[in-house]
Each structure stands twice: as C-alpha cells, then as structure tokens.
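Subject: Structure handover

Hello,

Here is the structure I said I would pass on.

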Amino acid sequence: MKRAFPILAILTAGLLSYGLYGALVQAPTEQTMGDVQRIFYYHVPSAWTAFCLFFVNLVASIVYLWQRNPKADALALASAEVGVVFCTVVLVTGPIWARPVWGIWWTWDLRLTLTLVLWLIYVSYLMLRRFSSSGQTPVMAAVLAVLGALDVPLVYFSIWFFRTQHPQPVIGGGGSIDPRMLHVLLINWLAFMCFAVLVCWSRYHLEILRRQVDETQALESLLAAGRPR
Amino acid sequence: MTYLFAAYVATWVIHITYLGHLARGYARLKREIEELRKKR
C-alpha cells in the first residue's frame, strides 16, 4: 500500500477535480431546482461512501469478534471514523439543499431521522472507543457496530418502502436520470471512494503505530519500575 | 448559487478539518517516538 499510496493520491486528486468540473460545468442544469440541484453530486456520493465505510466497519467488527484480530479492530475504528466524516457531510449538505427547495432546513422525515440516528450510533461508537478504559472496549464496540449496521439498510430502503419527503432513489428505484448527470454522479462517487480509501488507510496506519507506541511506553515504564535506584 | 457554494465549501471544510486532525495525530505520535528513542 505504501507504494500505491502516492499513485492513488494523484488519481484521487485528478478524479476529485474532474468530478468538481463535471458537477459545476458538465452536468446539465435541472429544470425545476436549477443550480442548487448540483449539491446532489456531493450529497449522494458522500452518502454511498459512508454506507460502504460502515459496511467495512461491520465486516471488520465481525472478524474481530470471531478471531480477536487487532488489525481488524484497527480497521473497524478507522472505517467508522471516516464513515462519520462522510455521514456529517451528508447531514450538512442535505439541509443546505432542502432550505431553497423545501423552504425548511430540516424535517423529521423517516429518511432524515434514520440518517441522523445512524450518525449518532457511530458517534456513540467512537465515544465508547475514546473514553472507555475497559479491556473489553473493542468487544463492546464491535457488538455496537454489528447492531448499528442494521440501521444502514433501513436508511437506504426507507425511501423505497415508505412515502417520505426525501427525493426517490435515482438508481434502481424506478426513477430516471439524464445520462450526463449519472456520469457526473458516478465520477464523484468513484472520486470520494478513492479519497475514503486514502484517508481510511492513513487512519488505520496511525492507529497501528499508536498501539505500538503505547505498548513500547508501557514496556519502558515496567522496565523503569524494575530498575534498582 | 449561494446554497450550492455553501454546500461545496462545507464539504471541503469538514474533510480538511478531519485531515488536520489526522495530521496532528501523526505529529504527536512522531514526537512520542522521538522521546522513546532518546530514553534508550
């Protein structure tokens, strides 16, 4: 991954730039909403990326519960943290789009409420990891992650099975989308996924190093305590 | 257009803030590694 990192970073920068150009220039202007609809090219890919990261967190948590592999635990933490960042983007850009289109910043609609609950679940997960000093913290966090992941399909399918104020799905839900809009949407998703992989890898690497340093410091303290004065 | 730019700027502010948090984490860790090396 160390060798691939700079290549992926350059590719990500290129894709993000192309995605931004596509969103602001290439994609046609939507007839009813106008330019504000272009928020969709950041809002939707961020949501999909957050879902993918929470899925990685689920798989890593199951692997940790099964094998007690510390690397799986570090990956679960990294993916949850980066997932929360992307979910925050979703919760911030959504109301900025809703204000001019719906006339309100927020409504307690099923999709919106479930997304907020999802964000709160993963923030709780991170707070548990940050503030609990119990040796069982990784196990408790993994169990919370498995239960929290149940909210992801609820968020995704809420607009399929319930009548909500949130727009209907653009792909696979019976709706139609201009091919140029779809192209820009998918480019931005790819760009955000590459960006998420880079950030997640950096966070994972930081976590592994952090644990090694903590272990070394603990060992040093033990050795210092054992030395004659 | 104001809302559009607000959304795009907010997105990058969130990401850059997180990247800054990561960079501070790496810097803190680097200092701790240096201190450990000095102790030895």
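Which residue follows α2(A), and is its phi positive or negative? The residue is R68(A), and its phi is positive, near 55 degrees. Please keep in mind that this is a predicted model.

**Chain A overall**

Chain A has seven helices and zero strands. Its pattern along the sequence is α-α-α-α-α-α-α. The C-alpha trace spans about 80 × 40 × 30 Å along its principal axes. Chain A has 229 residues, and 36% of them count as buried. Take the contacts in chain A with a separation of 6 or more: 76% of them join residues 24 or more positions apart.

α2(A) has 28 residues, which should span 40 Å at 1.5 Å a residue. Its end C-alpha atoms are 40 Å apart, so the two values agree.

Helix α5 of chain A covers residues 137-148. Its 12 residues reach 16 Å from first C-alpha to last. That is close to the 16 Å expected at 1.5 Å a residue.

**The buried side of α5(A)**

Which residues of α5(A) are buried? They are P138(A), A141(A), A142(A), A145(A) and G148(A). These residues lie on the same side of α5(A), because they cover an arc of only 125 degrees around the axis. They pack against four helices of chain A: α2 (40-67), α3, α4 (110-131) and α6 (151-161).

**The largest nonpolar core**

This core holds 60 residues. Which of them touch the most other members? They are A76(A), F86(A) and A196(A). Several helices each supply at least two residues of the core: α2, α3, α4, α5, α6 and α7 of chain A, along with α1 (2-39) of chain B. The largest share comes from α3(A), with 18 residues.

A196(A) deserves a look on screen. Leaving out residues up to four places away in sequence, A196(A) touches T49(A), L53(A), V82(A) and F86(A).

**Where the chains meet**

In the contact between the chains, 23 residues of chain A meet 19 residues of chain B. On the chain A side, the elements that give two or more residues are α3 (70-102) and α7 (179-226). By class, that side has 12 nonpolar, five polar and six charged residues.

Best wishes

Note on methods: Residues numbered from 1 in each chain as written. Chains lettered and ligands numbered in written order. Predicted model: local features only at pLDDT ≥ 70, side-chain atom pairs only at ≥ 80, totals over all residues. Contact = placed C-beta atoms within 7 Å. Nonpolar A, V, L, I, M, F, W, Y, C, P; charged D, E, K, R; others polar. Expected span 1.5 Å × (residues − 1). Buried ≥ 20, exposed ≤ 12 C-beta atoms within 10 Å, placed from the backbone. Arc of directions from axis to C-beta. Core = buried A, V, L, I, M, F, W, Y, C linked by C-beta atoms within 7 Å.
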